Amino acid sequence: MRSEKNKGILYVIADCGQGLAPIEEVLKAGVDFLQLREKNISSAQYLERARAVKRLCDKYRTPFIVNDRLDIALLSGASGVHLGASDVPVDDARRLLGKEAVIGATAKTPEQALQAQKKGADYLGSGAFFQTSTKSDAVLLSPETYRKILASVTIPDLAIGGLTPENCGLPLSLGASGLAVSGGIMRSGDIPGAVRAFRKKLEQSL
């Protein structure tokens, strides 16, 4: 993802709270990346779930990303890891995972974005654009700040935070390379339909 400004990326963030069936459903519907994000479980549970999701992602030939946990990414054989500001630095993760791994970083300011790019991140995740039930403490990102983030780097930036097919046109109109979606797909009640709706919006933005 790193060498070119990819567009139209649909990146889904899921957990195993409802079992593996919804994750397989979203993979079957066709997404570009699947990230596993688990909270408040043991490391052993996280690894067990990561390995199970990795097998599903392999089945559907979808890159598998682990949120936050470099150790879980390594042990599960994930395609890569997404790192927040308090996680292992991007350059250290790169040394451990290798040049082929996909490494993402959260960027809420132009300075964070540029630093992540310099350290070797393949893509950025920026938000939150809207209030989200999956991250109650998320601070909203202004369109002005997002434009500055996009102008500061050349790697893809995925918009995140409370995205639905109805509101995702805002970050896409600002220049987002794609959308990182959690509840808007996983809690939609119609996973294939939600994936199709997001795909349509992404295609319209190209």
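Predicted model: local features only at pLDDT ≥ 70, side-chain atom pairs only at ≥ 80, totals over all residues.
Helix α1 carries the exposed residues A21 and K28 on the face turned away from its buried side.

**Exercise 1. Work out which residues of α1 are buried and what they pack against.**

Step 1. Start with the residues of α1 that are buried: P22, I23, V26 and L27. They span an arc of only 140° around the axis, which means that they lie on the same side of α1.

Step 2. Now look at what surrounds that side. The buried residues of α1 pack against β1, β2, α2 (43–59), α8 (183–186) and α9 (191–205).

Step 3. Apart from neighbours within four places in sequence, I23 is in contact with A14, D15, C16, L34, V53, L56 and M186.

Step 4. Finish at the end of the helix. α1 is followed by G30, and the phi of G30 is positive, near 100°.

**Exercise 2. Describe how strand β1 is enclosed and which strands it pairs with.**

Step 1. Count the buried residues of β1 (residues 9–14). The tally is 6 of the 6, so β1 is largely enclosed by the rest of the structure.

Step 2. Sort the side chains by direction. I9, Y11 and I13 point one way, L10, V12 and A14 point the other way, and all are buried. The pattern to recall here is that side chains in a regular strand alternate between the two faces of the sheet.

Step 3. β1 pairs with strand β8 (residues 178–181) in the parallel sense, over 4 bridges. Within β8, L179 is the bridge partner of L10, and G178 stands opposite I9.

Step 4. Now take strand β2 (residues 33–36). It runs parallel to β1 and is joined to it by 4 bridges, with Q35 of β2 opposite I13.

**Exercise 3. Trace the closed barrel and follow its strands β7 and β8.**

Step 1. Write down the strand order. The barrel is closed, has 8 strands with parallel pairing, and runs β1-β2-β3-β4-β5-β6-β7-β8. On average, neighbouring strands of this sheet are turned by 25° against each other, direction ignored.

Step 2. Follow β7 into β8. These strands run parallel and are joined by 3 bridges, and A159 stands opposite L179 in β8. Together, β7, α7 and β8 make a right-handed β-α-β unit.

**Exercise 4. Find the two sides of helix α6 and what its buried residues pack against.**

Step 1. In α6 (residues 143–152), the buried residues are Y146, I149 and L150. Their arc around the axis is only 95°, which means that they share the same side of α6. E144 and A151 are exposed on the other side.

Step 2. The buried residues of α6 pack against α5 (110–118), β6, β7 (157–160) and α7 (169–174).

**Exercise 5. Identify the nonpolar cores and name some of their members.**

Step 1. The largest nonpolar core has 55 residues, and those touching the most other members are L10, I23, V26, L34, F64, L179 and I185. Its largest share, 6 residues, comes from α2.

Step 2. A second, separate core has 9 residues, including Y11, I13, Y123 and L158.

Notes
Residues numbered from 1 in each chain as written. Heavy atoms only, no water. Buried < 20%, exposed > 50% of the residue type's maximum accessible area, 1.4 Å probe, protein only. Arc of directions from axis to C-beta. Contact = heavy atoms within 4.5 Å. Pairing = 2+ DSSP bridges. Axes fitted to C-alpha atoms, helices over the stretch in contact; angles between N-to-C directions. Core = buried A, V, L, I, M, F, W, Y, C linked by side-chain atoms within 4.5 Å. Right-handed = clockwise from strand over helix to strand, strands pointing away.
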